[in-house]
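Have the sequence and the coordinates open side by side for this one.

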Amino acid sequence: MSKIVVVGAGFAGHTAALYLGSKLGKQHEVTVISNRDVFAYIPSWVWVGVGHMAPEKTIFKLKPVYDRMNIKFIHAAVKEIHPDAGDQFVVGERAETGEAVRVEYDYLVIAPGPKLNFEGTPGLGPDGGGFTNSICSLPHAVQTRDNYLAAIERMKKGEKLKMVIGTGHPGATCQGAAFEYIINVHKDLVKQGVRENAELLWLSNEAAVGDFGVHGIDVKQNGKMLSSQEFIEAIFKDYGIKWQVQTGVTKVEEGLIHWENYAGEQGSTAFDFSMLIPQFKGQPMKYIGKDGGDVSAKVVNAAGFVLVDGIYGLSYDVLKRNPDAWPSSYQNPNYNNIFAAGIAFAPPGPISVPHTNKNGLAISAAPPRTGMVSGIIGRVVALNVVDLITKGRMTHYERMSEMVAACVASMGDSLWDGSAVTIVMHPVVPDEKRFPNESGRDLFVNHMEMGVAGAWMKFMLHYTFMWKFKALPGWKIIPE
Amino acid sequence: MESIEPFFKSFGTVIPDFAYVPMSRDIGIQRRLVMEITPKDKFWMNFKLYQLWRFIVLNLKILKAVDHSKRS
């Protein structure tokens, strides 16, 4: 009997756990250790943040699902991983009691999601004396909602407020979530009748509007090429949203965001309400060898993301021409029974063009690995573990340079007059060898459109994915 | 072009036989459609019958793309 431990129960970890439980749960021991005892459908926190969805609609308890799937669940935060052969275990701290729990493993899937590195930008975030809001955790999204509604009340009384939404660190990712938030704020302000009292500014580290950390998307439309930059700029212009890109936030004070841009200029932007996505880092777990020494260099990179079967250390230009440098099995090269899924794995580099300004500040949108990509990697990793146990060799591989991704960015949740941008992109990481065009992607598959159908898609995704993640009948049919 | 052979060799991967394909900016398609959201666009974006059709098409596109990409 093998022991498989999954750290984390987000999109990647929970997907991995469900596949492992369904294929191995009866004969082997599958354990999930997560510091949250609920599954959280994070994409809908955008709506929580504007008060359009109740927080409890975005979560459900994990244990009942895992009980049905022959998965053991431990509500604990993993603090240590001991990966050396002969004595492999993780140490966690139970959420309710703080008591230490030790769990041995034969196979380990590391999928704890990101550490939200608010500390990377002084003054960022809602905690610890910070001055900005966040929708990256449920308590934060609820707090953002309350602050946003308070801002609405001020505007209803005639006050004019400046709202700055975007990324809060030169190396941040998840621009898509911030984009959804600024558009939903715009739509809500219009509905509340206070849009004229709000100045909205999109502030981001992207090279251009619509970059989203994936070097933008190009689509063919009526015989002409359309880029996501043109598309999103048109939306911003139509909605009266100003934008400032190529900008890295370096510090936040009360009412003031300090930044540096590509040209090395330093400036400040005043704000009354702000939601800025922080930098993501790997979770700060310790990796301890048999002799008690630190073996983190064999498992994680400097940012705490798990090294996998990618080729690291390539320059951007070389990486761009070698899409096979992206990992495919997500297996750690030093410990072949350790896998990483979702945001936890270390990408070999950015997808968007990185930039270091004349002051030496690197302003570079990090590659997104959330949503559909997370789920696909979770499935690949789970099936590889199943393979190793049942066949002795892996048979599942999928690089981000092979993966298709669909993204539906909400632009107002109303099923009557809401909207969303629906994007299909293949592959996620451009491959100029397979697709020798300017974008390195399949122009017959790439798609981008906006309309109320997108709002229906987004609504449907919420409920179908909640169904899938509860492992209800037919859950495997729903694609990740 | 930097040689990436040592990296592939060290991981035991077969070195692919490829030539660097320069990015082509001329693919016979006019570049840079300047986009503006017109009132006509807004009409179609909210015309329910048409959008119901788009909802079906989008679902089929996504399902086809998922099937089209490498099923791991």
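Helices (H or I, at least four residues) and strands (E, at least two) here are DSSP runs, numbered from the N terminus. Keep in mind that this is a predicted model.

With those labels in hand, start with the loops of chain A. A:Tyr330 sits in the loop between helix H8 (316-321) and strand E21 (338-340) of chain A. Its phi is positive, about 65 degrees, although this residue is not a glycine. Is A:Tyr330 buried or exposed? A:Tyr330 has 31 other C-beta atoms within 10 Å, so it is buried.

A:His215 is another non-glycine with a positive phi, again about 65 degrees. You'll find A:His215 in the loop between E11 and strand E12 (218-221) of chain A. The cut-off for burial is 20 or more other C-beta atoms within 10 Å, and A:His215 counts as buried because it has 23 C-beta neighbours inside 10 Å.

| Residue | Backbone feature | Where |
|---|---|---|
| A:His215 | positive phi, about 65 degrees | loop between E11 and E12 (218-221) of chain A |
| A:Tyr330 | positive phi, about 65 degrees | loop between H8 (316-321) and E21 (338-340) of chain A |
| A:Ala471 | positive phi, about 55 degrees | just after H10(A) |

How does the span of H10(A) compare with what 1.5 Å a residue should give? Its 18 residues should span 26 Å, and the end C-alpha atoms are 26 Å apart, so the two agree. Buried residues in H10(A) include A:Val452, A:Trp456, A:Leu461, A:Phe465 and A:Phe469, and A:Lys458 and A:Lys468 are also among them.

Now for a pair of helices. Two packed helices are described by the angle between their axes and the distance between the axes. For helix H1 (residues 11-24) and helix H9 (residues 371-390) of chain A, the axes come within 7 Å and cross at roughly 35 degrees. The crossing of H1(A) with H9(A) is right-handed. On the H1(A) side, the residues that meet H9(A) include A:Phe11, A:Thr15, A:Tyr19 and A:Lys23, while A:Gly371, A:Ser374, A:Arg379 and A:Val386 are among those on the H9(A) side. Sorted by class, this contact has 13 nonpolar, six polar and two charged residues.

Next, the sheet. Chain A has an open sheet of four strands, ordered E14-E11-E10-E18, with parallel pairing. Strand E14 (242-244) and strand E18 (273-277) of chain A are the edges; each has a single partner strand, so one side of each lacks a neighbour in the sheet. From one strand to the next, the twist averages 15 degrees. Strand E11 (residues 198-203) of chain A runs parallel to E14(A) and is joined to it by three bridges, and A:Leu201 has A:Lys242 as its bridge partner in E14(A). Lying across strand E10 (161-167), E11 and E18 of chain A is helix H4 (residues 138-156) of chain A, which runs at about 150 degrees to E18(A).

What elements does chain B have? There are three helices and zero strands, giving the run α-α-α from the N terminus on. Of its 72 residues, 11% count as buried.

Technical notes
Residues numbered from 1 in each chain as written. Chains lettered and ligands numbered in written order. Predicted model: local features only at pLDDT ≥ 70, side-chain atom pairs only at ≥ 80, totals over all residues. Axes fitted to C-alpha atoms, helices over the stretch in contact; angles between N-to-C directions. Left-handed = near helix turned anticlockwise from the far one by under 90°. Contact = placed C-beta atoms within 7 Å. Nonpolar A, V, L, I, M, F, W, Y, C, P; charged D, E, K, R; others polar. Pairing = 2+ DSSP bridges. Buried ≥ 20, exposed ≤ 12 C-beta atoms within 10 Å, placed from the backbone. Expected span 1.5 Å × (residues − 1).
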